[in-house]
Amino acid sequence: MNPWLYYTLALLLICGGGICWLTNLFSLPGNWILLGLAALFAWLASDTGGHGISWTTVGIMAGLAVLGEVIEFFAGAAGAAKQGASRRSIVYSLIGGMAGSIGGAMLGLPVPVIGSVIAALLGGSLGAFAGAYLGEKSIERPHSESMAVARGAFAGRLWGTVGKFAVGAVMLGVMTVDALIG
């Protein structure tokens with residue numbers, strides 16, 4: 001493959017991977033899409049004379065994607081469940097988290113890049129808080145118990161998303177190094 005073509009495709013892969021990585025903030029499977037892009041690139045660019053993404057890198061990225069999901073699941077579930085959350089409040093928390101992420105990203109648009117990222121993270125956490133609170137109130141739990149569950153959902157969503165986002169950054173870095181240097 002022509003080196004100019006290869007590096008153009010590698011840079012497009014990295015840009016696409018960055019977009020995938022950012023979708024983690026919206027509760028979308030960004031790390032898995034990033035893994036899929038890396039695997040597709042490894043398959044399509046396998047005969048580029050020493051360049052390309054190795055299947056070892058794809059395997060490492062798959063392990064990291066699983067780790068990101070484990071972190072997100074346990075942090076998110078532990079936050080609300082530790083406070084005795086009902087199933088309804090957990091479902092409401094998930095819905096509120098997704099809606100809050102999207103709404104937060106839209107509100108953060110005036111501040112380039114970082115505004116949307118921070119607003120999506122905080123919006124998702126606030127949405128999880130509101131969803132958990134409404135879920136607990138809908139089954140007529142006292143205000144203090146509903147607030148405890150909501151605070152747990154907020155913290156769980158925040159730390160779960162931060163953990164998954166950090167793992168996605170490592171995945172993007174590993175892919176970038178292998179595509180450009182490896």
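Colleague: Which helix does Tyr 7 lie in?

Modeller: This is a predicted model, where local features need pLDDT of at least 70, side-chain atom pairs count only at pLDDT 80 or more, and totals for chains, interfaces and linings use all residues. Residues are numbered from 1 along each chain as its sequence is written, and side-chain values use heavy atoms, leaving out hydrogens and water. Helices are DSSP runs (H or I, at least four residues), numbered from the N terminus. Tyr 7 lies in helix 1.

Colleague: Is Tyr 7 buried, partly exposed or exposed?

Modeller: Buried means under 20% relative accessible area, exposed over 50%, and partly exposed in between (1.4 Å probe, protein chains only). Tyr 7 has 30% relative accessibility, so the residue counts as partly exposed.

Colleague: At what angle do helix 1 and helix 6 pack?

Modeller: Axes are lines fitted to C-alpha atoms, for helices over the stretch in contact, and angles run from 0 to 180 degrees between N-to-C directions. Contact here means heavy atoms within 4.5 Å. The axes of helix 1 and helix 6 are 10 Å apart, and the packing angle is about 180 degrees.

Colleague: Which residues of helix 1 make that contact?

Modeller: On the helix 6 side, the residues include Phe 165, Gly 168 and Leu 172. On the helix 1 side, they are Tyr 6, Tyr 7, Ala 10, Leu 13, Ile 14, Gly 17, Gly 18, Trp 21 and Leu 22.

Colleague: Where does Glu 140 lie?

Modeller: Glu 140 has a positive phi of about 60 degrees although it is not a glycine. Glu 140 is exposed, with a relative accessible area of 71%. Its place is the loop between helix 5 (114–138) and helix 6 (143–180).

Definitions and conventions
Helices (H or I, at least four residues) and strands (E, at least two) are DSSP runs, numbered from the N terminus.
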